[in-house]
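Let's take a look at how aromatic rings pair up in this one. Have the chain open while you read.

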Amino acid sequence: MGVAAGPIRVVVAKPGLDGHDRGAKVIARALRDAGMEVIYTGLHQTPDQIVDTAIQEDADAIGLSILSGAHNTLFAAVIRLLKERDAEDIKVFGGGIIPEADIAALKELGVAEIFTPGATTASIVEWVRTNVR
């Protein structure tokens, strides 16, 4: 969906019932401060809402923040919906409380990168700059 001109556009989303959004807001601000256009969807978004927003906003990437333990289900739903809507060019990355044992399966599913607690905002910004588009 994204285009090569202009700043990188990233949808930052909090899927599911998780009500803790401080980390997502920190990442959204870091990406914005790095010159990217950021669309923050707010709390309690469904995978459908997230994918709809990404397509409508012509996003280059979706960043999911998941602390609820539902990461396998939520990432899979977003990836599936992107495929169904012919929007697989939108990269999906994420972070939160995600066990190391689940990361390989998420990447195999199509998640481009997972950031676990302790990842710096600088490393996330650099990854987006290097890997999106």
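What follows is a short tour of the aromatic pairs and the residues behind them.

This is a predicted model, so to speak of local features takes pLDDT of at least 70, and side-chain atom pairs count only at pLDDT 80 or more, while totals for chains, interfaces and linings use all residues. Residues are numbered from 1 along each chain as its sequence is written, and side-chain values use heavy atoms, with hydrogens and water left out.

The structure holds three aromatic pairs. Rings of Phe, Tyr and Trp (its six-membered ring) pair if their centres lie within 6.5 Å; planes under 30 degrees apart are stacked, over 60 edge-to-face, and the rest tilted. Two of the pairs involve Trp127:

| Pair | Centre to centre | Angle between planes | Class |
|---|---|---|---|
| Phe93 and Trp127 | 5.4 Å | 50° | tilted |
| Phe115 and Trp127 | 6.0 Å | 80° | edge-to-face |

Both link distant parts of the chain: Phe93 sits in strand 4 (residues 91-96), 34 residues from Trp127 in helix 5 (residues 121-131), and Phe115 in strand 5 (residues 113-115) is twelve residues from Trp127. Helices (H or I, at least four residues) and strands (E, at least two) are DSSP runs, numbered from the N terminus.

Together, ring pairs link Phe93, Phe115 and Trp127 into a cluster. Are its members buried or exposed? Phe93 is buried at 3% relative accessibility, Trp127 is buried at 12%, and Phe115 is buried at 12% too. Buried means under 20% relative accessible area, exposed over 50%, and partly exposed in between (1.4 Å probe, protein chains only).
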